[in-house]
Amino acid sequence: MLLEVRDLHVEFRTREGIARAVNGVGYAVDAGETLAVLGESGSGKSVTAQAVMGILDTPPGRITGGRVLFQGRDLLTLKEEERRRIRGAGMAMIFQDALSALNPVLTVGDQLGEMFVVHRGMSKKDARARAIELMDRVRIPAARQRVRDYPHQFSGGMRQRIMIAMALALQPALIIADEPTTALDVTVQAQVMDLLAELRREYGMGLVLITHDLGVVADVADRIAVMYAGRIVESAPVHDIYKSPAHPYTRGLLDSIPRLDRKGRRLYAIEGLPPSLTHIPPGCPFHPRCPLARDVCRTDDPPLYEVDEQRESACHFWRECLHGRS
Ligand SMILES: Nc1ncnc2c1ncn2[C@@H]1O[C@H](COP(=O)(O)OP(=O)(O)OP(=O)(O)O)[C@@H](O)[C@H]1O
Ligand code: SF4
Ligand SMILES: [Mg+2]
């Protein structure tokens with residue numbers, strides 16, 4: 001397994017108390033596989049990714065438990081220097097907002113080139129040539145000229161391509177993309193997502209794709225992990241989830257996206273709001289919003305039940321959900 005996150009816990013100290021942002025998250029990604037991590041805003045998708053990458057703000061954040069195994073090594077036990085080496089060369093991250101992730105006072109050529117100078121000891125001239133190659137690779141037109149431009153001189157979609165190029169530079173085994181297309185127009189979103197999927201295939205990388213848009217994952221992901229209140233509530237191959245979810249929250253997410261095969265049906269939105277992370281309700285954290293909830297859900301926290309070999313659901317009544325009796 002390329003990446004395996006086990007029982008990860010992350011807390012934040014806030015004025016309202018301890019916010020339990022990540023509560024026992026586990027997921028795994030193999031080489032060449034794409035895992036989509038899905039969930040509403042605040043469900044802990046980014047914090048989990050930051051903990052995996054070793055870029056969590058500490059304080060206020062704190063990893064209070066769990067393991068992050070990357071190619072078999074537990075990253076949480078490594079020294080910062082070793083982690084830095086793994087970042088970039090072993091795993092890289094793509095963020096939502098390229099403008100704030102890129103350095104505004106360096107040309108994109110210098111930023112891309114720096115990766116090769118610092119990590120590979122290349123000369124500036126060779127690094128510049130590699131930068132141009134990479135810009136070509138992510139299909140930035142006129143790369144040879146544009147290599148001298150600054151990030152703000154590019155459109156949003158082109159900037160996102162530059163960030164993809166940065167992430168690819170050292171050919172990492174794993175890329176974590178945190179909402180890589182959310183800030184873009186819909187048509188540009190599709191182009192960037194297609195490019196990312198194509199490069200992932202070509203380089204044979206593992207990809208963790210964080211998104212709150214179930215619509216984009218169908219074509220690119222192999223598996224989906226659905227997060228709610230800092231936990232994984234369902235994890236399954238993408239086709240199984242689309243066919244029939246095994247958790248009421250996943251069902252709610254699915255029913256709230258427009259689908260061609262369901263034209264004319266009114267869109268359903270999950271009622272209510274996610275819980276405050278300083279006061280997660282007892283029992284099943286989803287019970288205040290769940291159409292299937294009953295007494296046991298208010299008192300008994302569901303474990304992750306094994307639905308089948310490939311699939312898990314944290315719902316006492318996953319069978320009912322799976323067979324559509326809701
Ligand atoms: N720097 C921070 N200080 C305090 N709390 C934080 C901080 N960063 C995150 N949190 C807490 O962690 C929770 C989970 O945040 P996270 O960014 O992982 O959500 P997300 O699932 O990525 O949401 P989104 O879809 O909006 O990006 C937040 O609701 C917030 O309460
Ligand atoms: S355990 Fe109960 S409240 Fe939680 S998702 Fe299942 S049915 Fe709903
Ligand atoms: Mg996020």
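Hi everyone, let me start with helix H1, which gives the most to the shell around ligand 1, with 3 residues. Before I go on, please keep in mind that this is a predicted model.

So, who else is around ligand 1? The shell has 16 residues, and the closest are Ala-21, Ser-41, Gly-42, Ser-46 and Val-47. Besides H1, two strands each give two or more residues to this shell: S1, which covers 3-14, and S2, which covers 17-29. If we sort the shell around ligand 1 by class, we get 8 polar residues, 6 nonpolar and 2 charged.

Now please turn to ligand 2. Which residues come nearest to it? They are Cys-284, Cys-290, Leu-292, Cys-297 and Cys-315, out of 13 residues around ligand 2. The classes here are 10 nonpolar and 3 polar, with no charged residue in the shell around ligand 2.

Next, let's look at how some helices pack. In general, two packed helices are described by the angle between their axes and the distance between the axes.

Pair one is H4 with H5. H4 runs over residues 108-120 and H5 over residues 124-137; their axes come within 8 Å and cross at roughly 120°. That angle makes H4 oblique to H5. The crossing of H4 past H5 is right-handed. On the H4 side, the contact uses Gly-109, Leu-112, Gly-113, Phe-116 and Val-117, while H5 brings Lys-124, Ala-127, Arg-128, Arg-130, Ala-131 and Leu-134. By class, the contact of H4 with H5 has 6 nonpolar, 2 polar and 3 charged residues.

At what angle do H4 and H7 pack? The angle is about 15°, with the axes of H4 and H7 9 Å apart. H4 and H7 are therefore roughly parallel to each other, and H4 passes H7 in a right-handed crossing.

H7 covers residues 156-168 and H8 covers residues 186-203, and their axes come within 10 Å, crossing at roughly 15°. That makes H7 roughly parallel to H8. Is the crossing of H7 and H8 left-handed or right-handed? H7 and H8 cross in a right-handed way. From H7, the contact takes Gly-156, Gly-157, Gln-160, Arg-161, Ile-164 and Leu-168; from H8, it takes Val-188, Gln-191, Val-192, Leu-195, Leu-196, Leu-199 and Tyr-203. The class count for H7 with H8 is 8 nonpolar, 4 polar and 1 charged.

What kind of peptide bond joins Thr-58 and Pro-59? The bond is cis, with omega about -20°. Move along to the bond between Pro-59 and Pro-60, and you have a cis peptide bond with omega about 10°.

One more stop, at Arg-139. Its phi is near 60°, a positive value in a residue other than glycine. To see Arg-139, look in the loop between H5 and helix H6, which covers 143-146.

To recap for anyone new to this model: H1 gives the most residues to the shell around ligand 1, the shell around ligand 2 has no charged residue, and H4 is oblique to H5 but roughly parallel to H7.

Methods: Residues numbered from 1 in each chain as written. Chains lettered and ligands numbered in written order. Predicted model: local features only at pLDDT ≥ 70, side-chain atom pairs only at ≥ 80, totals over all residues. Near = placed C-beta within 6 Å. Nonpolar A, V, L, I, M, F, W, Y, C, P; charged D, E, K, R; others polar. Axes fitted to C-alpha atoms, helices over the stretch in contact; angles between N-to-C directions. Helix = DSSP H or I, 4+ residues; strand = E, 2+ residues; numbered from the N terminus. Parallel < 35°, antiparallel > 145°, perpendicular 65-115°, else oblique. Left-handed = near helix turned anticlockwise from the far one by under 90°. Contact = placed C-beta atoms within 7 Å.
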